[in-house]
Amino acid sequence: MDLVTPDIGLIFWTTISFAILYFILAKFAWKPILGAVTDREKSIKDALSAAEKAKEEMANLKADNEKILNEAKLQRESLLKEAREIKSKIIADAESEATEKANKLVESAKIAIENEKSAAMKELQNTVVDLSLNIAEKLLSKELDNKEKQVQNIQDILDKTKLN
Amino acid sequence: MLIRFSRICTIALFMLFSANIFANPAGKSDESKEFDVNEMIMHHIKDAHEFHIMDINGHAVSFPLPIILWTENGLVTFLSSEFNHDDSGKTIVKRKGQAFIKYHEKIFYAEQTGYLGKYVVYDDNGLVLNKKPLDISITKMVFSMFISMILLVMIFVATAKTYTRSINGEPTGLGKFTEPLILFIKDEVALPMIGEKNYQKYMPFLLTLFFFIWINNVMGLIPFFPFSANLSGNIAFTFVLAVITFMITTLVANKDYWKHIFWMPGLPVPMKLFLAPIEFLGIFIKPISLMIRLFANISAGHIIILSLISLIFIFKSILLAPVSLFFSVFISLIEVLVVAIQAYIFTILSAMYIGSAIEEHEH
């Protein structure tokens, strides 16, 4: 029974001791220690959130880069397409122009040939007339005596030489 | 160096265990008298007015402690050495016209009608009838408590100083050892039991409580002067701590707490009436369980170790010494764990009671 009866003296001293210990430790130990621990936790938290923010910014930057890259790609694509179109248009234009020119050339060539031909024809007619006159002259000079035969011959020649 | 140190420790341990055993005043070099295990153990786990260190040739060597009495004639102080190690009420110390005796580690007024040289009178049941002054002496346990306070202040003020040396607030030196313990109380006791909103207010109390109990538990396990006092196994000590927890719980309790005790919400009225007295008793049973748990666990530890050592004397055979020494070392190791767990349990339950008192319920 003695063992489980609280002793007044010890109760008195324990109460005082605990109170003193509490105030000393609270002021000189727990406050600075817990303060340091809290500060440290806060700085770690801050550093972590800053890192997270930087990461986010990095991701944003990356996304921006990607966007720019995509836009550039699209632009290139469209530029290339345009260039290709221009190229094919130029080619087509050149082709049609060339054809036109060729056609014109052929046409003018044809006209020239026609002109030359008709000129040549005229000349040939003249030459034939001259020749005929020469031949006739010669024949006349040679066979003037045989008038009938001569005429006959001339007639023959003229028959054979059909002028066009 | 280490081996030499541990050898010295072993010898000291052995000597002091035996010193403690011979400390019982009844068996003082009296070969014919039977060795009383019960008395030896009770003498050890109870408080004393002088700090017994060892016996040399049957002569007790002890550290005298001041006796402080509030008597009918005012305050009286003297050193316990004036009783000459007498604990049977045979030696009288006279102060301010009053005579005092020490009987079974209690101070009484001397009665002239005593017999056999004792100034003690008994009733029919053998209870002492002498009047007692109010005894607020610095006893062995109070002395031990003061040492523990000095140690705690030294350790934790030194810890606090290490933070001023560090650059980023990381622990250095002693802080590397003590900070994990402090963080353990913060993260495993205060935060889950009290909650993030209010825990900081109770951290100083919980930390002081935990380390005060723990250091006194550990000091009780060290078997030589100035340690070995069974302070945390004393009911007065655990009583005070439990009362402090009770007072905090009751004073900070919010409306919800009282409502849950006297008019439990969400139950039919007969159940409310039935639960109210039970819950009301619970207010007191909680701190009482705290008080008894710590007292019983620590006292039991001391009793087991002393009983195992006593086996040698009970069987009166030195051959039993290795066995009893092996078991007492084994139990001592377990006790190292137990004392830490008991300090933790006391703290976590205190935190839980405080937490339940300030908890905000949502209905």
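User: In which hand does α5(B) pass α9(B)?
Analyst: This is a predicted model, where local features need pLDDT of at least 70, side-chain atom pairs count only at pLDDT 80 or more, and totals for chains, interfaces and linings use all residues. Residues are numbered from 1 along each chain as written, with chains lettered from A and ligands numbered from 1 in written order. A crossing is right-handed if the near helix is turned clockwise from the far one by less than a right angle, left-handed if anticlockwise. The crossing of α5(B) past α9(B) is right-handed.

User: How are α5(B) and α9(B) oriented to each other?
Analyst: Their axes lie 9 Å apart, at an angle of about 160°. Angles run from 0 to 180 degrees between N-to-C directions; under 35 degrees counts as roughly parallel, over 145 as roughly antiparallel. The two helices are therefore roughly antiparallel.

User: How many charged residues are in the contact of α6(B) with α9(B)?
Analyst: The axes of α6(B) and α9(B) come within 8 Å and cross at roughly 10°. Residues are in contact if their C-beta atoms, placed from the backbone, lie within 7 Å. Asp, Glu, Lys and Arg count as charged; Ala, Val, Leu, Ile, Met, Phe, Trp, Tyr, Cys and Pro as nonpolar; the others, Gly among them, as polar. The contact has 6 nonpolar, 3 polar and, as for charged residues, none.

User: How many residues of chain B are in contact with chain A?
Analyst: Chain A's side of the contact divides into 22 nonpolar, 5 polar and 3 charged residues. Chain A brings 30 residues, and chain B brings 36.

Technical notes:
Helices (H or I, at least four residues) and strands (E, at least two) are DSSP runs, numbered from the N terminus. Two residues are in contact if their C-beta atoms, placed from the backbone, lie within 7 Å. Angles under 35 degrees count as roughly parallel, over 145 as roughly antiparallel, 65 to 115 as roughly perpendicular and the rest as oblique.
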